[in-house]
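Hi everyone, thanks for coming. I'd like to walk you through one chain today, so let's get it up on the screen.

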Amino acid sequence: MASSSTSNAISFFSSSIFLTSPQQNPKFFSVLIPNSQKTLRPLSHSQTLNRHAPGTLVIRSEVATLPILSFDGEKIGETYIDLKTAQPETARAVVHRGVVTDLQNKRRGTASTLTRGEVRGGGKKPYPQKKTGRARRGSQRTPLRPGGGVIFGPKPRDWSIKINRKEKRLAISTALSSATVNAIVVEDFSDKFDKPKTKDFIAAMKRWGIDPKEKSMFLFTEVSDNVRLSSRNIGTLKLLTPRTLNLFDILNSDKLVFTREAVDYLNRMYGLDYEGGETVDENEEDYDEEAEG
C-alpha cells in the first residue's frame, strides 16, 4: 500500500470510497460553490430498496468515465463503468470484512507443537525428590528445559470464516468503484506480442503512463501465453482474470488497467442489473498461478 498522503494510490485507507467527510469525499456529497451558495447534484445515483421500511439495504451505483488508450498510448475513446457501491458510512466496514475473510481463509492452520506429554522421552525421574539440594523435577521434558514441551502452543485448526456471497460481491464492487480514479482502459494487445519479451511490456506500461516501479493490476478476461510470460518477471504487477479477482490486489494497487472486455464483464457482473445469472464461484480461493503472473 502506498504510504504517501499526496499520492493517488488506491489503498484501504486512502481510497475515496472510505472517506466520510464532505470535504474529503465530494463524490458522494453535494458540493457548495462559494460564490453562489448553489448546491450541485452529487455525481452518484442511488437505488433504494423499500425506502420507508426500517433497516433496509441501500445500494448506490457509481458511474465513472474511463479513457481508452491504444497500444501506442494514444487516447482513442472513452467508456463507462457502473458498479454497485455501499453507502459511505458502511463502505469501509463492508470492504474490511471482505479483506479479512479473504486473508483468514488462506491460512492453512497446520501449525502444530508438542506438549510435554507428546515429546519423546522423559519417562524416568531425573533424580530423587529429596536430599539433593536441587529443585524437584519429575521429567526432563518439562517446558522449562530445552527440548521439552510447549505451553499453549499452536495446534491444527480451521481458521476459515464465512461471508455472504452478496456481501462479498458488494465489497469487490465498492473497492473497484473507488479504484476508478486511478484506472484506465487499454485495447486488447495480445496480438502485439509475437514472443515473450518483458522489455516490450515495460515500454507499453510507460506509454500508458504507468510507472513500472509502482504497483499495478491488469484485469483480462483471457490472458495469452506471450502476455503472461512477458509480465511475470515484473514484481510490481499483478495479472488477474475474473476467476482470480480479489479485494487485496485491488486495494494494494496504485494503478488499475482493464481491457474493454474486462469493463463489460464488471458492468455485467457487478452492476445494478445483475440478477445472478452467470457467476464465478467466489468461495474458491485456489487462485490460478499462471494467470497471476
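Let's begin on helix α3, where Lys199 and Lys206 are exposed on one side. By exposed I mean over 50% relative accessible area, by buried under 20%, and by partly exposed anything in between, with a 1.4 Å probe and protein chains only. Helices (H or I, at least four residues) and strands (E, at least two) are DSSP runs, numbered from the N terminus.

Before going on, a word on what you are looking at: this is a predicted model, where local features need pLDDT of at least 70 and side-chain atom pairs count only at pLDDT 80 or more, while totals for chains, interfaces and linings use all residues. Residues are numbered from 1 along each chain as its sequence is written, and side-chain values use heavy atoms, leaving out hydrogens and water.

Back to α3. Which of its residues are buried? They are Phe201, Ala204 and Met205. Looking down the helix axis, these buried residues fall within an arc of 100°, so they line one face of α3. That arc is taken from the directions from the helix axis to the C-beta atoms. As a reminder, an α-helix has 3.6 residues a turn, so residues three or four places apart point the same way.

Asp188 is partly exposed, at 42% relative accessible area.

One of the buried ones is Leu83, at 1% relative accessibility, in strand β3 (residues 75–85). Leu83 and Met269 are 186 residues apart in sequence, yet 8.8 Å apart in space, C-alpha to C-alpha.

Last stop, the backbone. Most residues other than glycine have a negative phi. Lys131, though, has a positive phi of about 65°, and Phe152 has a positive phi near 55°. Lys131 sits in the loop between α1 (88–105) and α2 (165–179), and Phe152 is found in the loop between α1 and α2 too. Lys131 is exposed at 87% relative accessibility, and Phe152 is exposed at 83%.
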